Amino acid sequence: NYYETQLSKLGVRVVKNKEITENSPELNGADKIILATGATGFIPPIRGAENSNVLEVIDAHTGDQSRIGHKVVVAGGGPSGCDCAIELAMEGKDVTLVEMLPEIYPTATPDNKNSVMRRIGEENIHVLTSAKVKEFTPKGAVVETADGVKDLTADTVIVAMGTKPNTKIAKAISDRYTNALMIGDCTQIGQVGEAVREGFMAAWTID
């Protein structure tokens, strides 16, 4: 709501449901083109990744929610995985969060991490660290821990193991137009603060 209000006040024209490519005529007369196409999620080549009960975290968040069952394993304890786990637990789902490292959300600032950890505790999310996902199965996931291999049962497994730059369209436009600038995750995966700074600096350089 805030951004919609500010964009309206500043007279910014917003066009939705329209794909831009390097051949789009709208780009021809632009003095500056800023490309912020972001990142796409991916599922590593783990056995069973093609199973219908395995969803990538962005797809799980934006897609058909009816695909997500009551008992959920979230594979990946970074910011996306933690947010997803908390959101699903708030909806009443039974959530287990699995992280390969000894702790979840290791890149967080203390303030953010404290808030996330408190909410994870309040929502009774099961957390399993130092656990590597070895296989996805129709009944959940197989993980390897220091105590041995464990079978985690779940209706749905949501994979939050990182993203990759969404470069295809951005690079095609950048190669064609010398006044185009790529910023944010489409150049290198980063944190929100880094993306905000890059966006600010890109706008600041416009004459």
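Is Asn-17 buried or exposed?

1. Asn-17 is exposed, with a relative accessible area of 85%; exposed means over 50% relative accessible area, buried under 20% and partly exposed in between, with a 1.4 Å probe and protein chains only. The residue lies in the loop between α1 (2-9) and β1 (33-35). Helices (H or I, at least four residues) and strands (E, at least two) are DSSP runs, numbered from the N terminus. Asn-17 has a positive phi of about 55° although it is not a glycine.

2. On the basis of these values: this is a predicted model, in which local features need pLDDT of at least 70 and side-chain atom pairs count only at pLDDT 80 or more, while totals for chains, interfaces and linings use all residues. Residues are numbered from 1 along each chain as its sequence is written, and side-chain values use heavy atoms, with hydrogens and water left out.

3. A positive phi is also found at Tyr-105, near 50°, again in a residue other than glycine. Most residues other than glycine have a negative phi. Tyr-105 lies in the loop between β5 and α4 (110-122) and counts as buried at 11% relative accessibility.

4. An open sheet is formed by 5 strands in the order β3-β10-β4-β5-β6, with parallel pairing; two strands pair if DSSP finds at least two bridges between them. β3 (54-56) and β6 (126-128) stand at the edges with a single partner strand each, so one side of each is left without a neighbour in the sheet. Neighbouring strands are turned by 20° against each other on average, direction ignored. Axes here are lines fitted to C-alpha atoms, for helices over the stretch in contact, and angles run from 0 to 180 degrees between N-to-C directions.

5. Strand β5 (residues 94-98) pairs with β6 in the parallel sense over 3 bridges, and Val-98 stands opposite Leu-128 in β6. Helix α3 (residues 79-90) packs on the sheet and touches β4 (71-75), β5 and β10 (156-159), contact meaning heavy atoms within 4.5 Å. The direction of α3 makes about 170° with that of β5.

6. Aromatic pairs number 2. Rings of Phe, Tyr and Trp (its six-membered ring) pair if their centres lie within 6.5 Å; planes under 30 degrees apart count as stacked, over 60 as edge-to-face and the rest as tilted. Tyr-2 and Tyr-3 are edge-to-face, at 5.3 Å centre to centre and 75° between the planes. Tyr-2 is exposed at 55%, as is Tyr-3 at 62%.

7. Phe-200 and Trp-204 are stacked, with ring centres 5.5 Å apart and planes at 20°. Both lie in helix α6 (residues 192-204), 4 residues apart, about one turn of the helix. Phe-200 is partly exposed at 49%, whereas Trp-204 is exposed at 63%.
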